[in-house]
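Take this structure one region at a time, with the sequence at hand.

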Amino acid sequence: MTLTEPAPSRLWSPERRWPTTGILLLVTLFAFEAMGVGTAMPTMVRELRGEALYAWPFLANLAASVMATVFSGRLSDRRGPKPAILIGVLLFLAGLVVAGVAENMAVLLAGRVLQGFGVGFLIVAVYVLIAVAYPEDSRPAVFGALSAAWVIPSLVGPAVAGWATEHLSWRWVFLGIIPLVLLGIVLLVPVLRKVPPHAETPPVRKHLPLAAVAVGLGVVGLSWGLQHRTWWLIAVALLLLAPALRILLPKGTLLARRGLPVTILARGLLAGTFFAVEGFIPLTLSVVHGYSPLEAGIPLTLSALGWAGASMWASRHPEIERHTLVRTGFLFVATGVAAVTLIAPTWGPAFLTPVLWAVAGAGMGMATSSVGVLMMAASPEADRGFNSAALQISDMLFSATMIGLGGVLVVATAPTAGVVVLNLSMAALAVVGAILTGPRMRATLEP
């Protein structure tokens, strides 16, 4: 059910201007906060004397976010997106306050957990709200803008957070965005008031709470285990993940079954192949080619611009099939990932890295937004929350796994050899993604 007739609509038409602004503002703030925390974390842990726990604010946030996506999906399928959005905002705001006033690492971790729950609840509920508030022909524009909103903060977030940490306090990374979060929810109030009563009854799914906890702990355990080569922890994580994913992902996802399952899988393959390689580009440029931190970060900035530009371009071309854009995006990612392998040796053309990585970023921009559109088109009303949560779980699971595997390769071998093997492996996986997607993603509702 939608709030309006499925007539032609634009993202910034008068009736949608404020909800669009509210959604994009909230998503931009989530991304900005995530970028800012990474920049300010060294100062935080030093002041709070928590150097030994440096990784845990990130891991605690990740675990909470994964769990919350499941709970939010179920709540959204039962009651609509409004309760999950309100719960998410309250948890996120509480997390910002708790982390912003923290005087020790325990309190900071509590704040990061609350933020993770808040973001997990909100992201899934926002996807469901898009399906309710926007007709299908407007969704490519919404998802394109949503994709850009996630990426644009990477251009300014680290710099602003670094300036605030140096000249004010790291606490402003959390406390400074509270007024803007409140503004975002105020802008959403009109559309939340118009959300109709939820009529559909979701399918019965057993053991969802246990599966949510298991997948949250499993993703974190797998990430930590791979990065630190703790094999017993990897085994435990896999034992947790195997039964949980059977419950939390559409049947056939990991087997790339046609329709919705391969669409959910595509999101994970895109995130895994891209972020596994991106994480080692600054390291390669610094260690192998002697670049400064500023110079080594330029390719990531160009990639973010490519991502945002391609997602907006795709949103302006609804005549192009979304599954075509996904396949094309995979090929762009494969090209960029394979090409940056050239910078691994000392003789490689490092100066080309910004252009090469911008190609991969453009692929992500056109593909990720299109995956969201296809997922929603294949989701009956009673399953929109479940499928939106599955999309986020696929993203986080593959990202954590591929980044961890990349770390194992680089640590276990000479840096150049490890980067070459990682890049070529991820390029091959992106090609597999291109083969599996395309027309096989055609949206079909389950009977």
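H228 is located in helix α9, which covers residues 208-228; helices here are DSSP runs of H or I with at least four residues, numbered from the N terminus. This is a predicted model, in which local features need pLDDT of at least 70 and side-chain atom pairs count only at pLDDT 80 or more, while totals for chains, interfaces and linings use all residues. Residues are numbered from 1 along each chain as its sequence is written, and side-chain values use heavy atoms, with hydrogens and water left out.

H228 counts as partly exposed because its relative accessibility is 42%. On this scale, buried means under 20% relative accessible area, exposed means over 50%, and partly exposed lies in between, for a 1.4 Å probe and protein chains only. H228 and G407 are 179 residues apart in sequence, but their C-alpha atoms are 8.5 Å apart in space.

A256 sits in the loop between α10 (231-248) and α11. Its phi is near 60 degrees, a positive value in a residue other than glycine. With a relative accessible area of 5%, A256 is buried.

Next come the aromatic rings. Rings of Phe, Tyr and Trp (for Trp, the six-membered ring) pair if their centres lie within 6.5 Å; planes under 30 degrees apart count as stacked, over 60 as edge-to-face, and the rest as tilted. The count by this rule is 5 aromatic pairs. In one of them, the ring centres of Y127 and F143 are 5.2 Å apart and the planes are at 70 degrees, so this pair is edge-to-face. Y127 belongs to helix α4 and F143 to helix α5 (residues 139-151), so the pair links distant parts of the chain, 16 residues apart.

Another pair is F275 with W307. Their ring centres are 6.1 Å apart and their planes are at 40 degrees, so the pair is tilted. Because F275 lies in helix α11 (residues 260-278) and W307 in helix α13 (residues 293-315), the pair ties together parts that are 32 residues apart in sequence. F275 is partly exposed, at 28% relative accessible area, whereas W307 is buried, at 11%. F275 and W307 also belong to one aromatic cluster, together with F274 and W357.

Helix packing is the next topic. α2 and helix α4 (residues 105-133) pack with their axes 6 Å apart, at an angle of about 35 degrees. Axes are lines fitted to C-alpha atoms, for helices over the stretch in contact, and angles run from 0 to 180 degrees between N-to-C directions. The crossing is right-handed, meaning that the near helix is turned clockwise from the far one by less than a right angle. The residues of this contact divide into 18 nonpolar, 9 polar and 1 charged.

The structure holds 4 cavities of 30 Å³ or more; a cavity is a set of points on a 1 Å grid over the protein atoms alone where a 1.4 Å probe fits but cannot get out, and lining residues have an atom within 4 Å of a point. The second largest cavity has a volume of about 60 Å³, the space filled by probe spheres set on the points. α2 gives the most, with 4 residues. Among the lining residues are R205, L248 and F386.

Note on methods:
On a 1 Å grid over the protein atoms alone, a cavity is a set of points where a 1.4 Å probe fits but cannot get out, and a pocket is an open set with protein on both sides within 12 Å along at least five of seven lines; lining residues have an atom within 4 Å of a point. Helices (H or I, at least four residues) and strands (E, at least two) are DSSP runs, numbered from the N terminus. Ala, Val, Leu, Ile, Met, Phe, Trp, Tyr, Cys and Pro count as nonpolar, Asp, Glu, Lys and Arg as charged, and the others, Gly among them, as polar.
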